[in-house]
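Let's take a walk through this structure together. Keep the sequence and the 3D view open as we go.

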There are 2 protein chains.
Amino acid sequence: MDFEITILGATAATPIYGRGQTAQLINHNQHYFLIDCGEGTQHQFLRYKKKMNRIEAIFISHLHGDHYFGLMGVLNTLHLQKRSEPLRLFGPAGLSEIIIVHFRHSNTVLGYPLVFKETSTQTPALIWENEHLTVETIPLRHSLPCAGFLLREKKGRRKLIQERLLPDFTPSEYIDLKHQRDIIRNGKAIPYDYFSYEVKPRSYAFCSDTAYHEAMLEQINGVDCLYHEATFIDADAFQASETKHSTALQAATIAQQAKVNQLLLGHFSIRYKDPIELLLEAKKVFANSFIAEEGHTFSIQEEGPRL
Amino acid sequence: MDFEITILGATAATPIYGRGQTAQLINHNQHYFLIDCGEGTQHQFLRYKKKMNRIEAIFISHLHGDHYFGLMGVLNTLHLQKRSEPLRLFGPAGLSEIIIVHFRHSNTVLGYPLVFKETSTQTPALIWENEHLTVETIPLRHSLPCAGFLLREKKGRRKLIQERLLPDFTPSEYIDLKHQRDIIRNGKAIPYDYFSYEVKPRSYAFCSDTAYHEAMLEQINGVDCLYHEATFIDADAFQASETKHSTALQAATIAQQAKVNQLLLGHFSIRYKDPIELLLEAKKVFANSFIAEEGHTFSIQEEGPRL
């Protein structure tokens, strides 16, 4: 089951030619989600050969332009492409008004249902789920109401242990296993659990934009992958504090305290010519740090059985 | 005196990776104007190394997304870049509401005055002028209220005729000429007009988006350069009519009937793999046709004196 994060853009507010502003495409088990949508996101889909129409839901963290100015273009192009599937949209108060005003003035009646749900930016809330995944908001601390998103697999999914499958299984025994039933041999039950293991649920937390904010620690504790903004280096911590952004050091401190597995850093200010500066600062505190490089796909691997 | 049109984008509604939607930068005598502003226009400024902050006014033809979804990004980035000069914005009813809603939800108070004036899309109106140039709206026929723009130099500007300048001019005679005064030699006046000629006023008409619309002919008669949309080829004239767009043949017919000097074609539907098809169709009717190629600068030359 795939769990992939593709970075469609990771620059901060000031545009850089050829680089996208914040947008991430999530593929979880062939279900696709878009997190944030900076200007030009629809072009980034074309650039990285991703299918925009497969998105089921869009999650917008907050209403600074570098996180949503591409949304109208995405919604409009899906309409021109004759999408008919519903699209869910989650974002802070105000987003629906913005969309309605745009479409009212262009006489646009979308050809697909756009289902908007306002997100809470004050308390964590479950906003979306399917059979295998939930999405919660993560309240962040920024100059506007802002919520990150926590994507977490549900508990209890089991997979067969290849090493324990018997060479002489009958077809009906295979069917029993497929339905998670015990197998009866010679009048004795061999429990399904012997042939299978519970997959460790995986999780991804998206935290942008935010000042250093320990309140999120409990919620993101132990996530497999954390994207945390790192607009500044520690030498510019004052500026970070003034603008309610984080330094790379602060992002790494959050990662370390939350005991996450992997940290992705992005949203760097253009004042830093080479992002390696921010990466090195983070790695001093949290070694498993990476730059959220545009175009890269980060994959969260499933753990195998412990035999 | 420069009169240049730089094509920042010329694709139609469906986005193409690496190509911009409608946006044109006008340089008239070092005064800069932006006409239309498709998504990603601020990136096109970076790509073609043009200074966005030099723009004095932005003209938006209509409220289809491919003509203005980049506007919020431009306004926002100018704010982040600490612009303080006023910026004039002209567009149809509704544009100001869209901008206000965006900025209200992001708590943005622009650091520069943004002066909005609603354009009439029904009757031609003078909306802007400086010492040498006027801008009028051109009512177009589209599925939304839509106005093109006619940029026309004012009459009466005179320039010195190099060939008639005398080698023995005194400094005070030079000053007289500079102030457009006659020169007195041996008690006799030599008229300033002898040393100078009236420059033929140049003009540029931007007409997108529009169905075939002869009502514009009188207004754009004899312009030096006409940009006219050509979304379709003539074989798809029905579709053009349905969507209130033009074919290349229709654009060329307008150019021919209006006796313009040069025709620029753009806004091609992505169904046509090679725009040469549209160009050839137009050239059959109007030979001096060109593709409004992104990144190209078209310069309208001044005519010299007729001696």
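How many cavities of 30 Å³ or more does a search of the whole structure find? The search turns up three. Before we look inside them, some housekeeping: this is a predicted model, where local features need pLDDT of at least 70, side-chain atom pairs count only at pLDDT 80 or more, and totals for chains, interfaces and linings use all residues. Residues are numbered from 1 along each chain as its sequence is written, chains are lettered from A and ligands numbered from 1 in the order in which they are written, and side-chain values use heavy atoms, with hydrogens and water left out.

Now for the cavities. A cavity here is a set of points, on a 1 Å grid over the protein atoms alone, where a 1.4 Å probe fits but cannot get out, and its lining residues have an atom within 4 Å of a point. Grid points are joined across faces, edges and corners, and the volume is the space filled by probe spheres set on the points. The largest cavity comes to about 90 Å³. Its lining includes A:Y68, A:F69, B:Y68 and B:F69. From chain B, α3 (71-80) and α4 (95-105) each give two or more residues to that lining, and α4(B) gives the most, with three. (Helices are DSSP runs of H or I, at least four residues, numbered from the N terminus.)

The second largest cavity has a volume of about 50 Å³. Here α3(B) provides the largest share of the lining, four residues. Among the lining residues are A:Q21, A:D66, B:Q42 and B:N76.

So how do the two chains sit together? Superposing chain B on chain A takes a rotation of 180° with 0.1 Å of shift along its axis, and the RMSD is 0.1 Å. The two copies are thus related as by a two-fold rotation axis. Within chain B, B:G40 comes closest to the axis, its C-alpha being at 2.9 Å.

The contact (heavy atoms within 4.5 Å) takes 36 residues from chain B and 36 residues from chain A. Since 100% of the interface residues of chain B are also interface residues in chain A, the copies meet through the same surface. About 3,100 Å² is buried between them, with carbon and sulfur atoms giving 60%; that is accessible area (1.4 Å probe) lost on being put together, summed over both. On the chain B side, B:Y17, B:E39 and B:F69 lose the most area to chain A.

Notes. Copies are superposed by least squares on the C-alpha atoms of residues with pLDDT of at least 70 in both. On a 1 Å grid over the protein atoms alone, a cavity is a set of points where a 1.4 Å probe fits but cannot get out, and a pocket is an open set with protein on both sides within 12 Å along at least five of seven lines; lining residues have an atom within 4 Å of a point. Buried area is the accessible area (1.4 Å probe) that two parts lose on being put together, summed over both.
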